[in-house]
Amino acid sequence: MTSPGTESPALPPPTAAGPVIAIEGIVKRFGAVQALGGVSLEFPAGQVTALMGENGAGKSTLLKILTGDHQPTEGHLLVDGRRTALASPAEARATGIRIIPQEPEIIPHVSVAENVYAGSLPRKAGRRLDRAELDRRITADLQRLGFDKVISPGLLGSDLTPAQRQIVEILRALTGNARVIAFDEPTSSLSDTEVDALFALINNLRDQGIAVIYVSHRMKEIFQLADRIAVLRDGTLAGVLDAASAHEADVVRLMVGRDLSTLFTRQDVATDRVVLDVRGVTTDAVRDIDLTVRAGEVVALAGLIGAGRSELALALAGDQPVHSGTITLDGRPLRTGRPGAAIAAGIGLAPEERKAQALLLHRTIRDNTTLVVLERLRRLRFVRRGAEREVAQEYTDRLRVRTPSIEHEVRKLSGGNQQKVVLARWLARKPKLLILDEPTRGIDIGAKIEIYQIIADLAKEGVALLVISSELPEVLGLADRVVVMQNGRITGELDRAEATEEAILHLAMADDLSPTTRRPTPGSTPDPTTDTTADTAPGASS
Amino acid sequence: STGQEPAGSGDVAKVDGKISMTYLQKQGDQEYFVGEAAGAKAKAAELGVDLKVVNLGTDANKTVSEAKSAIAQKSNGLIVVVPDPAVGPQVVQTAKDAKVALLTSDDQICTTGPDPAVCTSDTLVPRIGFSGEQMGGEVGKRAAEEFKKAGWNPAETRTISAWKQDVTVCTDRVKAAKNAFFAGAGANVQNIDVATDNTPTGAQDKIAATVTANAGVKHWVVWGCNDENVQGGVTALENAGFKADDVIGVGLGAYLACKNWNSGKPSGMKAALFINGSDVGALAVQTMYDKLKNGKDFPKEAFAPTKMVDASNWKASGVSCS
Amino acid sequence: MTTATADRRATKPARKRSPLASLGGQNLSLIGALVLVLGLFGVLNDNYLSVSNMQVIAEAATITGLLAVVQTAVIICGGLDISVGSQAGVASVVSAMAFTTAGSNALAGIAAAVGVGLLVGILNGVIIVYGRVNPTIATLAGLAAYKGLAQLISDGRAQGYVLNNDIFVFLGRGKIAGLPVMVWILIVVALAVHLLLKYTDIGRNVYAIGGNDTAARLAGININKYLVAVYALIGVVAAVAGILLTARTGSGQPTSGSEGLELKAITAAALGGAALKGGKGGIGGTLLAVALLGCLENGLTVQGINAFWQNVAQGALLVVAVVIQQRRNGERRIGLPA
Amino acid sequence: MTTATADRRATKPARKRSPLASLGGQNLSLIGALVLVLGLFGVLNDNYLSVSNMQVIAEAATITGLLAVVQTAVIICGGLDISVGSQAGVASVVSAMAFTTAGSNALAGIAAAVGVGLLVGILNGVIIVYGRVNPTIATLAGLAAYKGLAQLISDGRAQGYVLNNDIFVFLGRGKIAGLPVMVWILIVVALAVHLLLKYTDIGRNVYAIGGNDTAARLAGININKYLVAVYALIGVVAAVAGILLTARTGSGQPTSGSEGLELKAITAAALGGAALKGGKGGIGGTLLAVALLGCLENGLTVQGINAFWQNVAQGALLVVAVVIQQRRNGERRIGLPA
Ligand SMILES: Nc1ncnc2c1ncn2[C@@H]1O[C@H](COP(=O)(O)OP(=O)(O)OP(=O)(O)O)[C@@H](O)[C@H]1O
Ligand SMILES: Nc1ncnc2c1ncn2[C@@H]1O[C@H](COP(=O)(O)OP(=O)(O)OP(=O)(O)O)[C@@H](O)[C@H]1O
Ligand SMILES: [Mg+2]
Ligand SMILES: [Mg+2]
């Protein structure tokens, strides 16, 4: 089998298992914040080293140092035993170090192919772009890696779903001569099918002698994949475990310094009072949706990627025009198509894409948290500072956002902590119906439990909860009722007793319609050669 | 304060120590005014006067600011070329309040209202310079002479007036040129107004368009607010295939016209009114100096000489071509 | 099961910020530059730091200042208005002509100008929001169109004469507590916009729109309404600027005095820390930038530096100010700076 | 980047594209508008569509066109250059003065201008990339500084006379195959930049940088090098524009003829579909926009419309063109249009 991701140049042959890359005494400070406090660790070839730790423990920062994106404040890197300074991502790339970053970086107006091979586009003499080779390469790579059904090479970057963006990043890392590949929470927006493909890929990489670094908050994955588990805590190395002999509890104890009890602490507190009543709603993306959520009830929306769950959530939150059907909240018809009206009526939506849809990255945690409660905090339209700080502080503490203060800019937080800020915003609003779209994406295990607890508490207070999640254990653990969607329609409903992983998957793939078949096929998508500009390229009418 | 305090008597005392003056100029980056500033500076150096030259661009508001600034800097005398005569009364008031001597150059202003044309002569501020009307008149007159000399058929001829239409002094010049031409030409030639931005390329593009729109015309007479307009027009006509003999361009300023003559080739640029900015600048400084040093009253109006020049006599007339 | 580690992870209460730090690095650099300019020209010229010269500087900066303040607001919400100068021109002409037509009634002139300003502003907003025209293009078009409008109304000439009217004279020359009335107007407008932006939920929403418009929409903010309102505000403040232009110059000026103000306003807003991408900026920084540019221009003139050198010096100093500012931020030197 | 995902939800992905659609909606609207303008003025005036008038239009649009082409390139990579007009002014003066100094040697004049243009462009790039000055501010500063430089070099006067030289006359007035030489130069430059952007990896990297500079950096693209190179390209092409200015007017013009070109160039690029956020745009659209604006301006002059109405008409038509364009896209009417 040829090496994944590339045809040429071929990957180096498996080397004797020695550390390809190692770090010694790495310290990284951002102003007053110390992200890493003297970490030494090595990453052997042909092994998967899992990197675990709470949100803000320093995992992403460590990876960014390995890939030349950040420079360490102290300490140094050893590549093949030699001290090496990686001044830029370009140098790290040349050294064979790749990263699949936590937040995919996509170039919006160019094709998937150009996104993947940016920086090393195939070319003919005179720096002419070799489009034929580009097409061939992307098609071959997608096929070989098993993503060809999920993503069509002709799509533009701006058209991609979160999963597809993640896949683009994966493809990027596999081009050229990779020796170390770091995955920073690659599965947080993938569904099971893609996760399986990814795991096959990672196992393959290991077999080829590549040093794999894998960051995730999903315990199951870690034990499935990893050879060793390195745990970071507060920017220092808490310990390295052998995956074969370690137990989940050991990891958790190293991470958070204590044992965590059961994940799910649900009691049945659902009432009969219907809060949300959706009748025959059709939008651009979903059709004939009937759905009810009662006070104190947790309804989970399950389905494969692209099933339309997020689009339905957006429609309920007033962001998508509703073509037909009615939405009733607490007995009163909702004015659709207006987020303001939905919020005023008592609907809150924590959307799935935190950076694009929720966060004001350059504003403080306080600003971000109180964005939707300002009208309750003002006097004569002047925001009461003290009250505002109180609210922000309360929810920042409650969700355990790791930050020096609530006046910290959100962009400086780690990914998981950013997610917590989004949740804090909507918890502060105290809506009647709270829609959580992938609420635990990128959140550490301790915080996850915290969030599950909060969901349970909210239910107890009589809030209606609609939770969208691609993690089936989460769906099963949380929900009183599971509603399964596929292809823009609801294909079934399972109550707590009926709901099993098999039952849900069965409904999610009901008429044997693979979710990918309705994605645009290559023939009907924009030609990759013509989309970036409004110009005509000769012969672009294929 | 309400701004209404009875204005000072406006009496200007003689200055004993070192005299400091400020020359506020509109369009200070334009060739003519660059020359004017140079003349003023040379004269100031000669008289041992401290002179500051300020460029006002086309900004009436800046005129007020800079006048006040000059006064705050304890200038003894202000010489202004206003971007727009309407701002005149404000400048007068400002100078009067501060008891600073005020002289205008080039463009006239009035103490009581925005339009000098309708002011009585005792309300006009003393002025050194050229009269726009007179300049335009001379241009029109020369154009008429050239037209008669060429003996063209009026029906096959058009005149072009090119200027930036929102610049009042330009409008005055062009109007005067038109009147003088039709008075002098003795024939009924149709005129076309072309709106330009007073730059050579702007004029060239606009006049080129005008020329194609009037395909039947055989001969052209061009004048405008300044040399740039006429130069652009002559070039456009040349590009459109008109021979030098079929074009009469009469420039205003002579600083671009001279370049045509310098090359020695026949050109549609037949003549230009040479106005020597540096003469005006020097005369204005001298006049102000006499007032401040010796208490000599300003003359109501003093004109620097203008001269119509052409390919044969421009060098002798002192036109310098950079 | 609250944990032993809770206090480790909990955030510290908001620290007290030193008064200096709360000014912001951007503003500190601007203050530094301002002190430098004042010191330099003060040493070179005795009259530069005099009260009367400071008044002159303040007065000269007022009209630019007004436009820069509202420009900051629109930049914060991610837009831009290149037509502010032309709008002021329209208002100047309208105020003078309405004044004359209404038989020398200053209030009629002012009301007419403000009314027209409001209409023009709303038109801009509607074209942008509902016509879906990019703000840069829409207001570039406005730059030409409103200038043409002002010229058409006025036939390209200065209109009317207002200096026989007490109110206009008061606006143009009056003083309150030793400060020119014009400067007071700037102070009032700037303070109002500052309070609006910093201390009300409206202002917070404006920042949110500029920072991430999808997020703002999902937070229930009626973005369209806000955008139209901001452009309407610009229209009104530009009208005030136009009225002051009339009061200062004595007559309605279609273009003179207002042409080119858009670049000055944008320069001041950007130098004051407003990011053209939106979501960032403040009135304090903008006013400091206006002051810096005003003091610099005045100083160069006072020193009798010729106009050509002034251009070079202004450009160079603008760059130097920003370079120093960025140096202090210690930003990474990759890609385009924000 | 943030917008990329938001767009997906707002606009449905274009599924089927007809051959016409592959031209791009933007370009189609521009072609429509162009046909309309040509038809309208063609009916009103017999000579409007004549070959000679088309030549006049093309020639008049050349200098703007050159600057618009490079402006498009820099906008695509997320920057902006407001100093292009001033750069052209410097080049114009330098070309004429070097020509004169070198004893009427046209090649010396041209080489000197191009050399200075290159230096100025590199300076812009270095200030932006290594000085960390926002491109808008940096080139606003350049607008003033280079204008001052041109004025200083030339003492504010038109310099030299070049129309006694065959090469300059050829550049300014010559024709090849019935087309003015100037227009050929525009064609060559535009084609070169078009090919560079569309068909080389360099060009694709430029799009990547403008689309998402973090992605580009992580992909190992040397963003700094690219940015400096793009600004250097602008410098060179602006120098060519300046040389043509000299050839057209016969002498080196420090400001006359180049002032204000920056707005025209940006207008054309934006109207042609370049998004000021970067990552989007193309030379084809820009040239169409240049042609549209040129035909419009010429038509209005040919019809003898006065300058004031021309301003209004140009502004209004710019807005109408974009509104129609956006209507066709069927974009949702929320927030600021891109
Ligand atoms: N650019 C930055 N500026 C300031 N602080 C930063 C910056 N980047 C990271 N930090 C801080 O460094 C610490 C470690 O962050 P990092 O992103 O490495 O965490 P992480 O382990 O990846 O967490 P998560 O699981 O949430 O992704 C956090 O406290 C974060 O706030
Ligand atoms: N590749 C794609 N290109 C364009 N549109 C897509 C693509 N994939 C999905 N969509 C659109 O997105 C909508 C459904 O996606 P949505 O993100 O709502 O699904 P989801 O069930 O929430 O899945 P996810 O787990 O990815 O959030 C559909 O309208 C579909 O047309
Ligand atoms: Mg992370
Ligand atoms: Mg989803």
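1. A salt bridge here is a side-chain nitrogen of Lys or Arg within 4 Å of a carboxyl oxygen of Asp or Glu. By that rule, the interface of chain C and chain D has zero salt bridges. Please keep in mind while reading on that this is a predicted model.

2. What, then, lies between chain C and chain D? About 5100 Å² is buried between the two chains, and carbon and sulfur atoms give 71% of that area. In chain C, the residues that lose the most area to chain D are C:Arg132, C:Phe308 and C:Leu336, together 16% of what that side buries. The contact itself involves 58 residues of chain C and 59 residues of chain D.

3. Polar contacts between chain C and chain D come to two residue pairs, both at pLDDT 80 or more. On the chain C side, several helices each supply at least two residues, among them H6 (106–129), H12 (223–249) and H15 (307–329). Helix H7(C) gives the most, with 14 residues. By residue class, the side of chain C that touches chain D has 33 nonpolar, 16 polar and nine charged residues.

4. Now for chain B and chain C, where 38 residues of chain B are in contact with 44 residues of chain C. The two chains bury about 3100 Å² between them, with 44% of it on carbon and sulfur atoms. On the chain B side, B:Asn61, B:Gln73 and B:Gln90 supply 18% of the area buried against chain C, more than any other three residues.

5. How many salt bridges are there between chain B and chain C? The count is two. A salt bridge joins the side chains of B:Lys62 and C:Glu297, at 3.5 Å from N to O. Polar contacts across the interface of chain B and chain C number 14 residue pairs, both residues at pLDDT 80 or more.

6. The elements of chain B that give two or more residues to the side touching chain C are strand E2 (50–55) and helices H2 (60–72), H3 (88–97) and H5 (168–185). H2(B) gives the most, with nine residues. That side of chain B divides into ten nonpolar, 17 polar and eleven charged residues.

7. Lastly, do look at the magnesium ion (ligand 3), which is coordinated by A:Ser60 (OG) and A:Gln102 (OE1) at 1.9 to 2.2 Å. A:Ser60 lies in helix H1 (residues 59–66) of chain A and A:Gln102 in the loop between strand E6 (97–100) and helix H3 (112–117), so the pair ties together parts that are 42 residues apart in sequence. A:Ser60 counts as buried because its relative accessibility is 19%, against a cut-off of under 20%. A:Gln102 is buried too, with a relative accessible area of 13%.

Definitions and conventions
Residues numbered from 1 in each chain as written. Chains lettered and ligands numbered in written order. Predicted model: local features only at pLDDT ≥ 70, side-chain atom pairs only at ≥ 80, totals over all residues. Heavy atoms only, no water. Contact = heavy atoms within 4.5 Å. Buried area = accessible area lost by both parts, 1.4 Å probe. Polar contact = N/O pair within 3.5 Å; in protein donor to acceptor, adjacent residues only side chain to side chain. Helix = DSSP H or I, 4+ residues; strand = E, 2+ residues; numbered from the N terminus. Nonpolar A, V, L, I, M, F, W, Y, C, P; charged D, E, K, R; others polar. Donors = N, O, S within 2.8 Å, 3.2 Å for Na, K, Ca; no water. Buried < 20%, exposed > 50% of the residue type's maximum accessible area, 1.4 Å probe, protein only.
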